[in-house]
Amino acid sequence: DFEVGDSRSTGTPQDSQEDVVVRPSLTAVLRVVAGSCSKVGLALTAIGLLLAQGLLTTWDYCFIVGLSNNSSSMWDHWLKIPLNEEDTPLPALWYLSTGAVLTGVAVNYNVSLMLNRAANCIHDCLVKSFLHSPITILDQQILNKIFSCLSQDVRVLDEFLVPAFLNLSQHCLLLIGCLGLVVMAYQWFIIPTLLLVAFTFYLFSLCLPTTKALEIIETKLWRPVEAYFQLSEDEIVTLRSLKASDFYRRQFAEHQDRHSSALFLLQSVTEALSLWLSLACVAFTTCITLVFYFMEEPRPVVALGTYSCLMVTNLLPFLVADSTLASRLVETVRHMVQACQLPEETSDSSQVGTINPVFSGDVDFPVVSEGWPYSGEIQAVNLTLTNKPGTHATLENLNFVIKPRETVGIVGSGKSSLLAALLRLEEPSGGGCVLIDKVDTRDVSVKLLRSKISVIPRHPIFFAGVLRTNLDPHDQISDSALWEAIEKVGLLEAVSSLPFGLLTESRHWDKTFSAAQRQLLHLALAIIAANRILIIDLTSRNTLPESDKSLVNLVRKLLPSSTVIIMSERLRLVMGSDRVLVLDSGKMAEYGHPYLILQNKHSHLNKMIQDAGPLELHNELFDIAKQAYMSEQTAVIIREESIESVDTAVHI
């Protein structure tokens with residue numbers, strides 16, 4: 001039931017479809033960690049670790065040998081000052097101790113700095129990768145895997161990377177030094193030493209893959225248990241109303257038993273590894289002791305060998321724990337490196353005012369006019385959008401033209417996909433394209449395209465911080481321009497009543513501003529930007545119909561020279577538009593003035609109106625469309641008469 005070959009952050013068995021990014025190898029992981037550190041720093045760290053361990057090993061050798069040759073106590077040897085007493089038997093101990101302490105402190109400090117720098121580098125790479133990845137990645141399994149354990153991986157990396165590396169490196173070097181002291185005590189001790197090392201590597205190669213597989217299973221089994229503690233208030237009410245509490249309790253106990261079993265197996269494997277290593281150390285120490293018992297070796301040799309054997313016995317259990325933690329950290333860094341390798345949305349080497357074909361490489365891009373788009377004309381040519389290869393198209397062969405300064409309403413299924421295509425959140429397929437003022441949006445950089453289109457989203461999002469920073473993150477708008485735009489949208493009183501105005505922290509206004517007021521703040525930004533194209537997404541039911549209607553009227557009043565696209569499920573908002581695009585499962589059903597479309601009793605728009613409510617609502621919507629059509633025809637007649645009078649005056 002479990003694919004133990006997958007990484008710990010999978011969460012679910014793998015799909016048949018290929019992952020977006022390849023799982024990085026151990027070499028790639030180490031290259032990422034080492035790439036954030038300088039080569040000189042890595043070299044000095046390695047030399048410092050070896051020097052510190054060499055000094056400690058030499059200190060052990062001199063101390064044990066000197067202590068065994070003299071009858072005085074250990075404290076007598078330690079307290080003697082070599083500069084004042086020439087007959088001190090161990091004068092080198094003071095120099096070795098001082099050198100080992102100073103070297104160890106310097107190395108630990110340097111390692112902490114480098115690993116913290118590596119962690120910060122991975123954090124920055126993660127944020128950049130998520131911000132620049134295509135929106136279609138959100139529908140792929142790979143990002144769901146990454147998001148499921150990303151918070152846990154970041155916490156493990158920040159908390160355990162530095163101490164785990166220091167402990168593992170120091171314990172490994174100390175173990176090597178102790179084994180070297182054993183061999184120095186008697187040269188033939190190299191045979192049991194090599195046997196102990198070989199047996200240790202065999203146990204690690206046998207147990208670590210099993211431990212890794214059990215960690216994957218334990219993590220997968222923990223998530224259902226964790227989900228049972230995250231019930232919302234509505235879910236609890238539903239459980240009680242259906243009288244399913246006993247069933248819920250039994251399901252929770254079943255999942256908890258499975259997780260406890262996996263956790264017990266994981267702990268048992270770790271304890272078994274420690275037990276077998278302890279038995280090997282006992283056998284190793286017994287062998288060394290028997291050799292000393294049957295051979296008449298000098299007292300310093302016996303002391304050195306016995307001391308080193310006991311140190312090896314004490315170090316191996318720590319080495320087991322450090323290796324397990326290091327394996328977990330390697331997998332953690334592997335997940336984060338995998339997240340850093342998400343494909344970018346574009347080559348993104350362009351600047352505002354340049355054309356940048358997608359994935360075009362390092363080439364020179366021709367500069368377009370700063371006034372683009374010039375009029376705001378939008379044309380869809382065979383526009384087809386498919387989220388995943390082999391799946392049903394969300395948009396299929398759309399062909400329409402939105403003239404400059406027109407207000408177009410979009411209704412039906414496929415509005416969000418069309419918005420994604422206009423903003424290039426998803427790339428068209430099948431050779432279709434979107435043209436803005438005769439320029440293919442695929443030939444324009446994403447940064448330039450999105451900066452030229454204003455959007456009022458359905459769910460306005462504001463971040464923690466002051467209000468002004470949310471409205472102007474890059475500090476490019478003056479205070480006077482902000483206040484003027486806020487006054488135009490009717491929020492002057494609401495913003496002025498805040499404790500510090502535009503500099504008020506989010507905790508003071510985050511809960512007080514309604515969804516309609518947040519949309520008005522986005523409208524204020526659209527007024528300042530003065531873009532030729534404005535998209536209003538009113539598909540949410542979080543706002544009142546009166547608020548949506550007021551917003552649309554403000555847009556028509558304050559942005560008369562912009563092309564406005566209104567996406568809404570409320571037909572009242574689109575019936576007064578110049579054109580209506582009716583979508584049916586991603587296909588264009590009708591496109592034209594709503595009054596003319598309603599002349600066809602079998603049109604999709606008529607069916608939508610009939611399904612929306614009673615006959616009175618139908619008549620009201622028809623009157624709105626008729627009034628808008630008559631106003632448009634009157635404006636056309638007036639415009640033609642003015643043009644004719646101008647031509648007559650010119651002729652005269």
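Start by selecting D437, which sits in the loop between strands β4 (433-436) and β5 (439-440). D437 is buried, with a relative accessible area of 9%. On that scale, buried means under 20% relative accessible area, exposed means over 50%, and partly exposed is in between, using a 1.4 Å probe and protein chains only. Check the backbone too: D437 has a positive phi of about 55 degrees, even though the residue is not a glycine.

Before you go on, a word about what you are looking at. This is a predicted model, in which local features need pLDDT of at least 70 and side-chain atom pairs count only at pLDDT 80 or more, while totals for chains, interfaces and linings use all residues. Residues are numbered from 1 along each chain as its sequence is written, and side-chain values use heavy atoms, with hydrogens and water left out.

**Zoom out**

Show the whole protein as a cartoon, and you have 21 helices and 10 strands. How many of the 652 residues count as buried, as a percentage? The figure is 44%. Switch to a surface and the protein exposes about 35000 Å², with carbon and sulfur atoms supplying 60% of that area. Those areas come from the Shrake-Rupley method with a 1.4 Å probe; for residues, only the protein chains shown count as cover. Now think about contacts, meaning heavy atoms within 4.5 Å. Among contacts between residues at least 6 apart in sequence, 73% join residues at least 24 apart.

**Helices α6 and α8**

Select 190-227 for helix α6 and 245-294 for helix α8; they pack at an angle of about 170 degrees, with their axes 9 Å apart. Axes are lines fitted to C-alpha atoms, for helices over the stretch in contact, and angles run from 0 to 180 degrees between N-to-C directions. The pair α6 and α8 is therefore roughly antiparallel. For the wording, angles under 35 degrees count as roughly parallel, over 145 as roughly antiparallel, 65 to 115 as roughly perpendicular, and the rest as oblique. By class, the contact of α6 with α8 has 26 nonpolar, seven polar and three charged residues. Nonpolar covers Ala, Val, Leu, Ile, Met, Phe, Trp, Tyr, Cys and Pro; charged covers Asp, Glu, Lys and Arg; the others, Gly among them, are polar.

While you are on helix α8, pick T270. T270 counts as partly exposed, at 22% relative accessibility.

Next, click P298, in the loop between α8 and α9 (299-340). P298 is partly exposed too, with a relative accessible area of 43%. Bring up A185 as well: P298 and A185 are 113 residues apart in sequence and 9.8 Å apart in space, C-alpha to C-alpha.

Move to T394, in the loop between β1 (378-385) and β2 (395-402). T394 is partly exposed, with a relative accessible area of 21%. Which residues does T394 touch, not counting those up to four places away in sequence? Select L385, N387, S417, S585 and G586 to see them. Draw a C-alpha to C-alpha distance from T394 to G586: it is 5.2 Å, across 192 residues of sequence.

**Helix α16 and its two partners**

Select helix α13 (residues 479-488) and helix α16 (residues 515-529), which pack at an angle of about 125 degrees with their axes 9 Å apart. That makes α13 oblique to α16. In side chains, A481, L482, A485, I486 and K488 of α13 meet A524, L525, I527 and I528 of α16. Those contact residues divide into eight nonpolar, no polar and one charged.

Last stop: A530, in the loop between α16 and β7 (533-538). Is A530 buried or exposed? At 53% relative accessibility, A530 counts as exposed. Its phi is near 55 degrees, a positive value in a residue other than glycine.

Key: Helix = DSSP H or I, 4+ residues; strand = E, 2+ residues; numbered from the N terminus.
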